[in-house]
Amino acid sequence: WAQPSDKVFLYAPPQACPDCPESAVRHVQESGMYAKAAKSWWCTQRAYLAGVGELLRRHPAADYYLLVDADTVVFQSTLHRMLHVLEREVLGVADDLYMGHGRMLSDEVGRFIMSGGGVLLRGVTLRRLAALKLDDCAERHLRGAWCWHHLDWVLAECLREIGVRARGHEAFQQYVHKCEPIGTCCKLTAVACHNVRNVTTRKHLVLEHAERIEHKLGSLIAEWVMPCDDERFSWSSTRKASCSGREDPLEPSRAAPGQRRRRRKKPAAKGKAT
């Protein structure tokens with residue numbers, strides 16, 4: 001899905017790392033099947049924030065950063081439209097953003113964005129994190145209290161320490177392999193879809209999406225681009241990211257006979273970045 005001109009950093013985490021301290025708490029229930037994963041898997045988790053730091057060092061001035069997995073498909077036209085509207089109609093100059101397919105496993109772990117579905121971070125947010133907390137969080141993950149925390153959890157925990165919370169959005173989908181057909185989750189409005197391991201399938205999805213959305217991007221307005229309200233987002237879903245009450249602008253539902261569908265007013269702009 002990436003173009004030669006894109007600024008992409010491919011990070012291959014180390015397979016070896018120090019042992020966790022005995023004081024580090026294991027979260028067996030939240031980790032599920034990964035609670036008994038091999039040490040090499042855990043080492044890749046613990047190197048995640050180091051990779052995020054390296055991304056920032058290589059590309060220090062980006063307006064936005066998108067963190068994805070190797071088996072994630074990204075639809076660039078939708079992503080660029082989302083960033084355009086976010087920057088010009090939704091976010092103020094200094095507003096933070098940490099958005100994607102959100103999940104909440106327990107009160108202790110808290111809300112976080114799953115990396116496979118894509119983590120959208122505003123540049124000002126990541127640079128502030130790096131200035132205040134990133135190295136400290138990376139150390140806690142590698143050999144401290146967060147040693148048994150998954151990489152998605154740790155990024156959210158670190159961001160919470162600077163007052164940034166996870167925001168859910170249905171354009172980012174972690175579990176499309178659970179959807180039959182895949183298009184029921186990875187829709188035309190998708191920005192990123194995860195766990196598409198077959199290379200041919202990924203290429204087909206990208207080409208099909210580009211053909212179908214070419215003349216429809218203007219329908220993706222601020223009301224859809226902005227993060228979902230917390231109380232309406234599907235934080236506990238094990239399948240599909242959704243925002244209750246928000247229509248898909250490219251696949252609107254049909255009103256029942258004799259009823260008229262009410263349209264929401266476009267939200268007032270919070271600020272315009274320059």
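**View 1. Residues that line the largest cavity of the predicted model.** The lining of the largest cavity is formed by R26, H27, V28, S31, A35, W42 and W148. Four of the lining residues are nonpolar, two are polar and one is charged. Here Ala, Val, Leu, Ile, Met, Phe, Trp, Tyr, Cys and Pro count as nonpolar, Asp, Glu, Lys and Arg as charged, and the others, Gly among them, as polar. The volume of the largest cavity is about 30 Å³, and the count is one cavity of 30 Å³ or more. A cavity is a set of points, on a 1 Å grid over the protein atoms alone, where a 1.4 Å probe fits but cannot get out; lining residues have an atom within 4 Å of a point. Grid points are joined across faces, edges and corners, and the volume is the space filled by probe spheres set on the points. This is a predicted model, in which local features need pLDDT of at least 70 and side-chain atom pairs count only at pLDDT 80 or more, while totals for chains, interfaces and linings use all residues. Residues are numbered from 1 along each chain as its sequence is written, and side-chain values use heavy atoms, with hydrogens and water left out.

View 2. Helix α5 covers residues 123-132, and its buried residues are G123, T125, L126 and L129. The arc is that of the directions from the helix axis to the C-beta atoms. A131 and L132 are exposed, on the face of α5 turned away from its buried side. Buried means under 20% relative accessible area, exposed over 50%, and partly exposed in between (1.4 Å probe, protein chains only). Among the elements that cover the buried residues of α5 are α3 (48-58), β1 (64-67), β6 (119-122), α6 (134-143) and α7 (151-160). Helices (H or I, at least four residues) and strands (E, at least two) are DSSP runs, numbered from the N terminus.

View 3. The 15 residues of α8 should span 21 Å at 1.5 Å a residue, and its end C-alpha atoms are 21 Å apart, which agrees. The expected span is 1.5 Å times one less than the number of residues in the helix. R202, L205, H209 and I213 are the buried residues of α8. They cover an arc of only 60° around the axis, so they sit on the same side of α8. T200, K203, L207 and E211 are exposed on the other side of α8. The cover over the buried residues of α8 includes β2 (72-74) and α4 (76-90).

View 4. D71 is in the loop between β1 and β2 and is buried, with a relative accessible area of 13%. Leaving aside neighbours within four places in sequence, D71 is in contact (heavy atoms within 4.5 Å) with C193, H194, N195, V196, R197 and R202. N195 belongs to the loop between β9 and α8 (199-213). N195 is also buried, at 17% relative accessible area. The phi of N195 is near 75°, a positive value in a residue other than glycine.

View 5. E180 and P181 are joined by a cis peptide bond, with omega about -5°. P181 lies in the loop between β8 (172-173) and β9 (192-194).

Note on methods
On a 1 Å grid over the protein atoms alone, a cavity is a set of points where a 1.4 Å probe fits but cannot get out, and a pocket is an open set with protein on both sides within 12 Å along at least five of seven lines; lining residues have an atom within 4 Å of a point.
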